[in-house]
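Thanks, everyone. Let me put the model on the screen, and then I'll walk through it.

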Amino acid sequence: QVQLVESGGGLVQAGGSLRLSCAASGRIFSIMGWYHQAPGKQRELVATTTNGGSTNYADSVKGRFTISRDNTKNMVYLQMNSLKSEDTAVYYCYAYALWDYWGQGTQVTVSS
């Protein structure tokens, strides 16, 4: 059974930092990453990484967020620096192994 469990969300002031973690189990995933969904908006890509180490970032987070992955622990992380109010959203862990898998989400709120 596949499970993706996020942790690390919370409330932070603008300019601050947060680190999200996602613990995956049940499969070996070729792609893992993060999406976010703000109120009234569609879910959008934040960053993804392959098990070979390639990364992809949304333009809005380039230079501020860093995705990393520990294949030995089947975990993916998102270091978020210089947070802005527009980063406020629910952040979902994503993983792909023939199917798309999603975590339940963790709230990130950035106060201005």
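With that, glycine 52 lies in the loop between β5 (44–50) and β6 (55–57). Glycine 52 is exposed, with a relative accessible area of 69%. Buried here means under 20% relative accessible area, exposed over 50%, and partly exposed in between, with a 1.4 Å probe and protein chains only. From glycine 52 to asparagine 71 is 9.5 Å, C-alpha to C-alpha, with the two 19 residues apart in sequence.

Now the ground rules. This is a predicted model, where local features need pLDDT of at least 70 and side-chain atom pairs count only at pLDDT 80 or more, while totals for chains, interfaces and linings use all residues. Residues are numbered from 1 along each chain as its sequence is written, and side-chain values use heavy atoms, with hydrogens and water left out.

Strand β7 covers residues 65–70. On its covered face sit Phe65, Ile67 and Arg69. Thr66, Ser68 and Asp70 are on the uncovered one. In a regular strand the side chains alternate between the two faces of the sheet. β7 pairs with strand β8 (residues 75–80) through six bridges, antiparallel. Two strands pair if DSSP finds at least two bridges between them. Threonine 66 stands opposite glutamine 79 in β8. Four residues separate the two strands of this hairpin.

Look at the turn. Which residue there has a positive phi? Asparagine 74, at about 55°. Asparagine 74 is not a glycine. Most residues other than glycine have a negative phi. Asparagine 74 is also buried, at 13% relative accessible area. Serine 82 is another non-glycine with a positive phi, about 50°. Serine 82 is in the loop between β8 and β9. Serine 82 is partly exposed, at 41%.

On to strand β11, residues 106–111. Its side chains alternate. Thr106, Val108 and Val110 point to one face and are buried. β11 has a parallel partner in strand β2 (residues 10–13), with four bridges. Valine 12 has valine 110 as its bridge partner in β11. Strand β9 (residues 89–96) pairs with β11 in the antiparallel sense, over three bridges.

Tyrosine 96 is in β9. Tyrosine 96 is partly exposed, at 30%. Tyrosine 96 and lysine 84 are 28 Å apart in space, C-alpha to C-alpha, and 12 residues apart in sequence. Glycine 15 is in the loop between β2 and β3 (18–25). Glycine 15 is exposed, at 53%.

Aromatics next. How many aromatic pairs does a search of the whole structure find? Four. Rings of Phe, Tyr and Trp (its six-membered ring) pair if their centres lie within 6.5 Å; planes under 30 degrees apart count as stacked, over 60 as edge-to-face and the rest as tilted. Tyrosine 94 and tryptophan 102 make a tilted pair, 5.0 Å centre to centre with 50° between the planes. Tyrosine 94 counts as buried, at 10%. Tryptophan 102 is partly exposed, at 36%. Ring pairs link Tyr35, Tyr94 and Trp102 into a cluster.

Arginine 43 lies over its face, 4.7 Å from the ring centre. The cut-off: NZ of Lys or CZ of Arg within 6 Å of the ring centre and within 35 degrees of the ring normal. Likewise, the charged end of arginine 19 sits over the ring of tyrosine 77, 4.2 Å from its centre.

The largest pocket has a volume of about 190 Å³. Lining it are 13 residues, and the closest to its centre are His36, Glu44, Ser60, Glu86 and Asp87. On a 1 Å grid over the protein atoms alone, a pocket is an open set of points where a 1.4 Å probe fits, with protein on both sides within 12 Å along at least five of seven lines; lining residues have an atom within 4 Å of a point. Volume is the space filled by probe spheres set on the points, which are joined across faces, edges and corners. The lining divides into two nonpolar, five polar and six charged residues. Ala, Val, Leu, Ile, Met, Phe, Trp, Tyr, Cys and Pro count as nonpolar, Asp, Glu, Lys and Arg as charged, and the others, Gly among them, as polar.
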